[in-house]
Structures are given as C-alpha cells and as structure tokens.
Amino acid sequence: MAEFNADDFCFMSRAIELAKRGLYTTHPNPRVGCVLVKDNKIIAEGWHEKAGEAHAEIHALKNAGANAKGATAYVTLEPCCHQGRTPACSEALIQAGVIKVIAAMQDPHDKVAGQGIEQLQQAGIETAVGLLETEAQKLNPGFIKRMQTGRPYVCCKMAMSLDGRTAMASGESEWITGDAARADVQHWRAQADCIMTGIGTVMHDNPRMNVRLPQTEKQPLRVVVDSNLRMTADRKILVQAGETLLFTCATNADLNNAEVVTVASKQDRVDLEAVLVELGKREINEVHLECGATLAGAMLQAELIDELVIYMAPVLMGDTGRGLFHLPGLEKMADKISLDIFEQRQVGNDWRLRAKIVNS
C-alpha cells in the first residue's frame, strides 16, 4: 500500500470535488476528476463533463499545455487504456510527459482493470492507487455495480409520515412532505439514468416521472413495470418529453410512445431481476425507484434494492393508512429486515434518511 502525505490528500480531494460537477451529465460513463500538480501547486484541472466528450485527464492536459511535462496527475479513477468513445487517457498522459499518476481507485471496467496503470508503469511513470478510494467509489456506485454484476445500482425513494404511512386508507397521499423535500427529490431523479415505477402508481397517481430542474439537459429514461399491460395511452408518463420503457409479461405487446419489452414471468409477475439485467445491458448505471408498496416490497424481498432514501414528515396519518412496503411472510422477529442508516439530514421541516439493507 502506497504512503500518501497531507498534500496528496488535499489534491485528490480537489479531484473528487471536480468529479461531482459531472453528477448529472456523464451517463453512461463514470464521473471523474483530475488535477495536475507541479512544484506542489495545482497547474491545471479537468473533469469529465459528458459522455462522448473528452475525459477528465484530457481536459486537464489541455488546460496545462506544455507545462504538463514533469507534473503529477491526481485522478479519481484509473486512466482508461482503450479506445472507446474517446482516445485512451493513459496514452495521452504518457505523451504529455507526466512523471507520476495517483489514482483513487482501479477502474472496474474489464477493458481497463489495472491495465491502464500497467501501461503507465511500462512507460516509466510512477503510479499509486488507493488514495481516498472510499470517497471515489461514492461518486460512481452505479457504474461500479454494473461493471461488477451487469446490473445497475437501485436507489428506492419513499415518503412517509412519522408513523410510517405513505397514504391514507383512501389512497390520498398528496402531499405528505413539504416543498423542500419535494425539491430535493428532483436532484435524486436528475442524477439517475432512469426513473422506475409500477403500473399501479401510474394508473392511480398519473405521474410524469420526470426531472423538473431548470438546468436539466436530458430527461432520464422512464421505466414502468406492467406485468399485464394495463397501461393506457392517456397517461402522462407517455406524453412528456423523454423515453419510456415498459416491461411486461404480455406477448405481442405494443404501445404508442413507449418501447415495450417482454420479459420472463416469476409467479405470474415480471421477473424483476430480468428487468435489471436488461437495464444493465442498456448501460443504465443508476435506477431511481419511486413506486408503491407492492413493487417496493417485491424489490426489497428479492434483494434488488441497494439504498433507501426515505423522507419522513412530522405528521401522523393513523393506523389505517398505507405502509411503506408490502412484505408478506414477515411473521416473526427473526424475519425482520435490518437497515443501516448512514445519513440523517433535515430538509425543510422533514427528515431525509439514507439506509443500506443489512440482511433480509
């Protein structure tokens, strides 16, 4: 394990902050930042802005010009070494005369996976990997998971009352949380590659499932799980700008303004794992799941949810209200699903909880 000093941590922290600027725009590529340092001073910076455009290292090298010779590059992800949408960054660093490259983490892509570092080493460039690795991994949970498993990272967003209700017994649910929490949700939607919901939510609430931020350049793909093809042409999710993908068990299915994909059934419903595999094939890194208790519960029990984002409002809705998850079969304390809450933050008058599933 390489040893790093305080300056190394400072420069890599800056690279991580730069990478965050691509939070909403790099799909399906990872978010990456790069800092070039010479004589212990930053001489140039760059970050990956959009897929198909220059990577972070290329931006930084261009900004440095001839001054890049003899510099150290701090990059949040191992430089790529293959020709993809853009040329290899490892070769560009070699040609620029960089003498050292420090990467926060190894690239999980099978066309890189240590080969970028090896190419730099063969060119005589000193390398090190692992500086602020955990922080770098947080930049790209979806890209990392897709490279490792073929499936995207699933973040499930829910809103509930203090007594754990998502709607009144009648189904009325507008609005549990306040303006600040609803605005916050838009940012979670924006950083996802797709927004996924179930047909029950579509038919009952008729949502648009889009991003309503003024700076939004491209809407995420909208995905609907509709086992029996109940979708009707008048639903808002079909008529708004952006693409809609519908998964069903029905054969010979067709629907205007949506691509219909027939997948295998599991207990007379869409096989949810098959849905995620198909999304992974389409280079979907991060899924933002907003749905009702039935789909949320099914995803949770199938161990397909990676993270929960729950907004909790300071209201009580009574014991006849509807719960967060439909989880049949949980009858004993030994059956309970444990969560690891790793973030608690006040958003307006509400609280946002982020949690990982510990066991199920």
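1. Helix axes here are lines fitted to C-alpha atoms over the stretch in contact, with angles running from 0 to 180 degrees between N-to-C directions. On that basis, the axes of α2 and α3 come within 9 Å and cross at roughly 20 degrees. Angles under 35 degrees count as roughly parallel, over 145 as roughly antiparallel, 65 to 115 as roughly perpendicular and the rest as oblique, so α2 and α3 are roughly parallel to each other. Their crossing is left-handed, a word used when the near helix is turned anticlockwise from the far one by less than a right angle (right-handed if clockwise).

2. Before going on, some ground rules. This is a predicted model: local features need pLDDT of at least 70 and side-chain atom pairs count only at pLDDT 80 or more, while totals for chains, interfaces and linings use all residues. Residues are numbered from 1 along each chain as its sequence is written, and side-chain values use heavy atoms, leaving out hydrogens and water. Helices (H or I, at least four residues) and strands (E, at least two) are DSSP runs, numbered from the N terminus.

3. Now α3 against helix α4 (residues 115-122): this pair packs at an angle of about 20 degrees with axes 9 Å apart. α3 and α4 are therefore roughly parallel to each other, and their crossing is right-handed. Contact means heavy atoms within 4.5 Å; by that test Ser90, Glu91, Leu93 and Ile94 in α3 meet Gly116, Gln119 and Leu120 in α4. The residues of this contact split into three nonpolar, three polar and one charged. For the bookkeeping, Ala, Val, Leu, Ile, Met, Phe, Trp, Tyr, Cys and Pro count as nonpolar, Asp, Glu, Lys and Arg as charged, and the others, Gly among them, as polar.

4. Back to α2 (residues 56-64) by itself. Just after α2, Gly65 takes a positive phi of about 65 degrees.

5. On to the cores, each a set of buried Ala, Val, Leu, Ile, Met, Phe, Trp, Tyr and Cys residues joined through side-chain atoms within 4.5 Å. The largest nonpolar core has 38 residues, and Met12, Leu36, Tyr74 and Val101 have the most contacts inside it. At least two core residues come from each of α1 (6-19), β1, α2, β3, β4 (100-103), α4 and α5 (133-139). The largest share, six residues, is from α1. Another core, of 34 residues, lies apart from this one, and Val223, Leu289, Met299 and Phe325 are among its members.

6. Setting aside neighbours within four places in sequence, Val101 is in contact with residues including Ala73, Val75, Pro79, Leu93 and Leu120.

7. Most residues other than glycine have a negative phi, and most peptide bonds are trans. The peptide bond from His27 to Pro28 is cis, with omega near 0 degrees, and Pro28 lies in the loop between α1 and β1. Asn206, not a glycine, has a positive phi of about 50 degrees; it sits in the loop between α8 (199-205) and β9 (221-225) and is buried at 18% relative accessible area. Glu283 has a positive phi too, near 65 degrees, in the loop between α10 (272-281) and β14 (286-290). At 32% relative accessibility, Glu283 counts as partly exposed.

Note on methods. Buried means under 20% relative accessible area, exposed over 50%, partly exposed in between (1.4 Å probe, protein chains only).
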